[in-house]
Amino acid sequence: MPGFCIEKRFEGPNDTPELKIVDTGCCTVAGSHRAGATAAAWVHLGDDTQWRVYKQPDRLLVVEGEPDRFPAEEEALERWLPGRWGSFRGFEITPARVRAFVDPLGTRPLWYVRDSGCFRIADRLSTLAVNCDQPAVCWPIVLEAMMLNTVYSTGSTLQGAVRLLPGETVEFSGAEARSLGRNR
């Protein structure tokens with residue numbers, strides 16, 4: 001399975017060792033990006049038509065899934081996201097910020113957690129947990145899942161992890177994670 005992880009530091013230097021990605025199966029392509037206080041890593045299948053990486057000198061845009069159309073090479077995220085439909089998620093890294101986004105139905109989730117002077121963003125809770133300094137289980141959510149066979153409340157099994165809402169874009173700039181609203 002494809003996957004990705006991003007670390008956006010807001011305290012101290014970004015001297016993080018290689019980011020880990022969990023449950024990658026038969027992925028044959030790996031990529032990474034490091035710029036200033038931000039590091040990103042991703043893996044996917046070599047012939048995967050649901051994976052696009054756009055690298056420019058001052059921008060990295062990664063889109064995974066099946067949107068109604070992928071963005072053009074230099075199309076601004078703010079211009080591309082409104083009105084998009086399909087099943088997709090991704091992230092954009094520029095010198096000033098990191099943005100993470102999911103499709104309007106939230107079919108491909110993303111999570112983030114604030115941890116030891118940084119934000120970590122990933123497509124799987126297991127990937128977040130393996131990259132966190134001291135991951136902790138959120139027992140009330142685990143017990144809810146065990147009792148009801150689902151989770152109705154907000155929250156996740158990883159303490160402090162936040163799931164993006166369907167259609168949401170979140171911007172990470174400095175020590176702040178700010179929702180830019182929901183794209184429809």
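## Exposure and one exposed residue

A residue counts as buried under 20% relative accessible area, as exposed over 50%, and as partly exposed in between. Asn149 has 72% relative accessibility, so Asn149 counts as exposed. The model behind this value is predicted.

Where does Asn149 lie? Its place is the loop between helix H3 (139-148) and strand S10 (162-163). The backbone of Asn149 deserves a look too. Its phi is near 65°, a positive value in a residue other than glycine. Most residues other than glycine have a negative phi.

## The whole chain

Now step back to the overall fold. The chain has three helices and 12 strands. Its C-alpha trace spans about 45 × 35 × 35 Å along the principal axes.

What radius of gyration would a compact globule of 184 residues have? The value would be near 16 Å. The chain has 16 Å, so the two agree.

## Surface and charge

Of the 184 residues, 49% count as buried. The accessible surface of the chain comes to about 9,300 Å². Carbon and sulfur atoms account for 54% of that surface.

Charges come next. The chain carries 21 positive and 24 negative side chains. The centres of these two sets lie 3 Å apart.

## Cysteines without bonds

How many disulfides does the structure hold? The count is zero. Cys5 is in no disulfide, and the nearest cysteine sulfur, that of Cys132, is 8.5 Å away. A disulfide needs two cysteine sulfur atoms within 2.5 Å. Cys5 has 0% relative accessibility, so Cys5 counts as buried.

Is Cys26 buried or exposed? Cys26 is exposed, because its relative accessible area is 62%.

Ser116 is not a glycine, yet it has a positive phi of about 45°. Ser116 sits in the loop between strand S8 (111-115) and strand S9 (118-122). Its relative accessibility is 44%, so Ser116 counts as partly exposed.

Asn131 lies in helix H2, which covers residues 125-131. Its relative accessible area is 8%, so Asn131 is buried. Which residues does Asn131 touch, not counting those up to four places away in sequence? They are Cys5, Leu19, Lys20, Asp115 and Arg120.

Arg124 is found in the loop between S9 and H2. Is Arg124 buried or exposed? Arg124 is buried, because its relative accessible area is 11%. Leave aside its neighbours within four places in sequence. Arg124 is then in contact with Met1, Pro2, Gly3, Ile21, Val22, Asp23 and Trp111. Arg124 and Ala41 are 83 residues apart along the chain, and their C-alpha atoms are separated by 13 Å.

Key:
Residues are numbered from 1 along each chain as its sequence is written. This is a predicted model: local features need pLDDT of at least 70, side-chain atom pairs count only at pLDDT 80 or more; totals for chains, interfaces and linings use all residues. Side-chain values use heavy atoms; hydrogens and water are left out. Buried means under 20% relative accessible area, exposed over 50%, partly exposed in between (1.4 Å probe, protein chains only). Helices (H or I, at least four residues) and strands (E, at least two) are DSSP runs, numbered from the N terminus. The radius of gyration is taken over C-alpha atoms; the globule rule is 2.2 Å times the number of residues to the power 0.38. Accessible areas come from the Shrake-Rupley method with a 1.4 Å probe; for residues, only the protein chains shown count as cover. Lys and Arg count as positive and Asp and Glu as negative; His and the chain ends are not counted. The place of a charge is taken as NZ of Lys, CZ of Arg, CG of Asp or CD of Glu. Contact means heavy atoms within 4.5 Å.
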